[in-house]
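The sequence and structure come first, followed by the contacts between the chains.

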2 protein chains.
Amino acid sequence: MHPFDEAIALTPLGDDHFEGRTTPAYWNMVGPFGGITAATLLNAVLQHPLLLGTPRAMTVNFASAVPQGAFRVTARPVRTNRSTQHWLVEQWAQEDGQDALVTTATVVTAAPRTTWSGTDMPAPEQGGPGNDVKPLIIDSFTPWLRQYAVVPLVGSLPERWDERVATDSLSRLWVRKARPRALDFCALAAACDVFFPRVWLKRAEQVPAGTVTMTVYFHADAAQIAAAGDDWLLAQAQGQEFRNAFADQSGQIWRADGLMLATTHQLAYYRQ
Amino acid sequence: MHPFDEAIALTPLGDDHFEGRTTPAYWNMVGPFGGITAATLLNAVLQHPLLLGTPRAMTVNFASAVPQGAFRVTARPVRTNRSTQHWLVEQWAQEDGQDALVTTATVVTAAPRTTWSGTDMPAPEQGGPGNDVKPLIIDSFTPWLRQYAVVPLVGSLPERWDERVATDSLSRLWVRKARPRALDFCALAAACDVFFPRVWLKRAEQVPAGTVTMTVYFHADAAQIAAAGDDWLLAQAQGQEFRNAFADQSGQIWRADGLMLATTHQLAYYRQ
């Protein structure tokens, strides 16, 4: 079983409830990688017998670090219209022997439709990094980083943590799973949280930082996502504002051939 | 009473419940202006006796048009940490004699902290439109538009609906309430939904369109927002991707002196 599928696996308990378990492969500093939590909560919606259509939007709020071990996910279709459906998702886990809410999410799904389409944001690069480039797998720092292979293009981690404030916090990279696995909605949601904190790049200082809330807009349908296979994705993110302990980020994920797959935004806290 | 305050007014019913009522001043085509709904739901959080800190992030999901008349808002603090708090908010109204969920929202609030701050997105213009410029108040189309005075700078409504696809969908404008009212968190949330659908600008075609979900990141604290008074705000928005009935938008709201107040994102549906 691929470590990603192991991490997002859920056992249906009936009545909107699912059970899952954190895995060492996707561990971050004090809990699992936020992207895997987003993917797991989305997986509950995708497995729900009342699901209408496919994901169009998701907001995940990281209320507390998910503790190691078992957790419960509740996914409720709170409003079903003719072609759209609204979901409330909660993740609960044991904290000091007490049942505690650790993550909330809302998801919008919609039946497929075909209309006029266009883009305002063409991919700044296409075709993948090329076979001559040796991808980077970071095998230090936190475990989940080993799950991805990356080729930084713009705005890599500062070479020196010299606290020289950068003019911008734009990062662009090729990314794919270190161990190949075909892309799907869950993997795409996880990839939206793959960027290191923008404040590190902006300040050239590794202050404590973590995602508080993340939103993903899924622009691609299941077939367009499946066509990405296990190929490289082009990922880009830039902070807009850093103010009094919170910084935002606006990002895009393209297929290697330039098709926009998802746009994503998040707010992260930082210290000092 | 200012029409904005009338529209967002809530009567506490106890136990996380509030009652409100739609008003003609903020009516849109089939329900109230989405921005006033966002402001109303935020108002429930701000009035809640258990509130910790001030708003940092909000996601509103427009599950169905809010019917004319009375509605109920439920705001629950579902997780309170040392310095952050997570909220689930729901809006219920009568549809064909039945109680129906029409809007959901999540809100993150946090205690004030002072840290290093910086920006990646300086205001493209400052100081307001100048006293020589006559602002536009649109008194046709839908009622809520009359609540705002605008001075378009870039990307106004197409002069001809000639279906010539534009290279981009960027709009930039000065905006303030038509009848002066000091800015606060609720008014800022409402202003984030002030843009006409990006797809109209992109396609020069007025297809049916409406916001499905909107996220606001509040970068300013209460004092920074209050300092805006009833002055002009600089508002900017651009679509990123338009695909098969859904289009996203990324936006910014600055104070007239160039301070970033909020960044905002939304996904809107469109027809054809």
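How many salt bridges are there between chain B and chain A? In this predicted model, the count between the two chains is four salt bridges. One of them joins the side chains of Asp120(A) and Lys202(B), at 2.6 Å from N to O. Polar contacts between chain B and chain A number 59 residue pairs, both residues at pLDDT 80 or more. On the side of chain B that touches chain A, strand β6 (residues 98-110) of chain B gives the largest share, seven residues.

| Class | Residues of chain B on the side touching chain A |
|---|---|
| Nonpolar | 25 residues |
| Polar | 29 residues |

In total, 69 residues of chain B are in contact with 69 residues of chain A. The two chains bury about 5800 Å² between them, with 52% of this area on carbon and sulfur atoms. Within chain B, the residues that lose the most area to chain A are Trp116(B), Asp120(B) and Arg243(B), together 14% of what that side buries.

Strand β12 (residues 241-243) of chain A and strand β7 (residues 118-119) of chain B pair in the antiparallel sense over two bridges. In this pairing, Phe242(A) stands opposite Gly118(B) of β7(B).

As for symmetry, chain B is superposed on chain A by a rotation of 180 degrees with 0.0 Å of shift along its axis, at an RMSD of 0.0 Å. The two copies are thus related as by a two-fold rotation axis. Of the interface residues of chain B, 100% are also interface residues in chain A, so the copies meet through the same surface.

Key: Residues numbered from 1 in each chain as written. Chains lettered and ligands numbered in written order. Predicted model: local features only at pLDDT ≥ 70, side-chain atom pairs only at ≥ 80, totals over all residues. Heavy atoms only, no water. Least-squares fit on C-alpha atoms with pLDDT ≥ 70 in both. Contact = heavy atoms within 4.5 Å. Buried area = accessible area lost by both parts, 1.4 Å probe. Polar contact = N/O pair within 3.5 Å; in protein donor to acceptor, adjacent residues only side chain to side chain. Helix = DSSP H or I, 4+ residues; strand = E, 2+ residues; numbered from the N terminus. Nonpolar A, V, L, I, M, F, W, Y, C, P; charged D, E, K, R; others polar. Pairing = 2+ DSSP bridges.
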